[in-house]
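Please keep the structure open while reading.

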Amino acid sequence: MKRLRNFFILCFAFFAFAQTGFGQFGEVSYDYAEYPLTRNGIDLHLDRVALTGEEPGKDILLIHGVTYSSHEFDVDYKDYSLVRRLAREGYAVWRLDIAGFGRSEEVEDGFMPDSEYAAEDIASAAETILRASGRERLDVLGWSWGTITVARFASARPELIDKIVLYAPILSGIGEYDVKEPFHHNTWVHSIEDFQKREDGTLDYSITEKTVIDVWCSNCWRYDGDSSPNGGRRDACVDKSVELIDLTKTSNPTLMIYGDADPYLDLEKLAEAAKLLPKGSEVEIIRGGSHAIMLEKPFYRAFQEKVIRFLRAE
């Protein structure tokens, strides 16, 4: 079923991406273009978003988390889209779906695209982007599991990178859990797990607007369907003492940005890890923000501003 749905999505995408002005923010329009990329015999989804009629000055690659794919960076409601905000700042914004996720080709073994495998997908995408743009380096942002895969890519290929953003960095295991199935069973209920809730367990719409959640969940079904590879989940669901990101191997200026209400993070370890960051790095803690701060009403604009300020700093 997922393969058939992806076929129709690709047919739609070819048409939509070819139309100048697809996606609007006020009077601003954006061009979406898909770039062919195959690694290890698997077709990967890589797309580029930029302001219509303008030549971007820099490239940034956005890397998704462990269950849902790169659509999460482009929620089409008000000014929540991180993709479109970065495009308005003069970036060519690139999004990659790791093998088996989203609009990339399915994989037979859901354990295959683990963190190391994903890091190689990212490296392949980065090489493709730099060939297309003619630039020598790009910026890269990873969210959640994407911080693990981006950090491993960065330690192996620092020459391709200018700056790194680790958004909600998973420095160590999130807790030991035996991941037995190669594919995760995605559900509507699971897709809202990262949004803050009230004490009675209901969604807190004062933190995340209902329409934002509805668009998010709709896109999760549209692009990710009922299953996602579990290799990354198996990597992360280990004892909290297990190190998943070795910051001593990171040489590029890095922003660690996260909310202090994020249930997946070890705040004490993050504070200690800040001392290991290379020169030119920064740490930004958003008070009250959780795992999905880029979509939380009180925090998303501050999140965007802090990321952009870091990327722009000399």
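Aspartate 139 is buried, because its relative accessible area is 0%, and the cut-off for buried is under 20%. The model is a predicted one. Aspartate 139 sits in strand β8, which covers residues 138–143.

**Surroundings of aspartate 139**

- The side chains of aspartate 139 and tyrosine 91 are joined by a polar contact of 3.0 Å.
- A polar atom of the aspartate 139 side chain also lies 2.9 Å from the backbone nitrogen of lysine 163.
- Not counting residues up to four places away in sequence, aspartate 139 touches Lys58, Asp59, Ile60, Leu61, Tyr91, Asp162, Lys163 and Leu311.
- One of these contacts, Leu311, is itself a buried residue of helix α9.

**Helix α9**

- Helix α9 takes in residues 300–312, and its 13 residues should span 18 Å at 1.5 Å a residue.
- The buried residues in α9 are Tyr300, Phe303, Gln304, Val307, Ile308, Phe310 and Leu311.
- Seen down the axis of α9, these buried residues fall within an arc of 160 degrees, so they line one face of the helix.

**Positive phi values**

- Most residues other than glycine have a negative phi.
- Lysine 78 has a positive phi, near 50 degrees, and is placed in the loop between β6 (58–63) and α2 (82–88).
- Alanine 168 also has a positive phi, near 60 degrees, and is found in the loop between β9 (161–167) and β10 (183–185).
- Is alanine 168 buried or exposed? Alanine 168 is buried, because its relative accessible area of 1% falls under the 20% cut-off.

**Leucine 267**

- Leucine 267 lies in helix α8, which runs over residues 267–273.
- With a relative accessible area of 35%, leucine 267 is partly exposed, because that class lies between the 20% limit for buried and the 50% limit for exposed.
- Leaving aside neighbours within four places in sequence, leucine 267 is in contact with Tyr258, Gly259 and Asp260.
- The C-alpha atoms of leucine 267 and leucine 96 are separated by 28 Å, and the two residues are 171 residues apart along the chain.

**The chain as a whole**

- The chain contains nine helices and 13 strands.
- Its radius of gyration is 18 Å, close to the 20 Å that the globule rule gives for 314 residues, so the chain is as compact as a globular protein of that length.
- Along the principal axes, the C-alpha atoms fill a box of roughly 50 × 45 × 45 Å.
- Of the 314 residues, 56% count as buried.
- Among contacts between residues at least 6 apart in sequence, 76% join residues at least 24 apart.

**Confidence**

- The average pLDDT of the chain is 92, and 92% of the residues score at least 70.
- Which residues have a pLDDT that stays under 50? The stretch is residues 1–25, for which the model has 50 contacts beyond four places in sequence.
- Where pLDDT is low, the predicted coordinates should not be read in detail.

How values were computed
Residues numbered from 1 in each chain as written. Predicted model: local features only at pLDDT ≥ 70, side-chain atom pairs only at ≥ 80, totals over all residues. Heavy atoms only, no water. Helix = DSSP H or I, 4+ residues; strand = E, 2+ residues; numbered from the N terminus. Buried < 20%, exposed > 50% of the residue type's maximum accessible area, 1.4 Å probe, protein only. Polar contact = N/O pair within 3.5 Å; in protein donor to acceptor, adjacent residues only side chain to side chain. Contact = heavy atoms within 4.5 Å. Expected span 1.5 Å × (residues − 1). Arc of directions from axis to C-beta. pLDDT = per-residue confidence, 0-100. Rg over C-alpha atoms; globule rule 2.2 N^0.38 Å.
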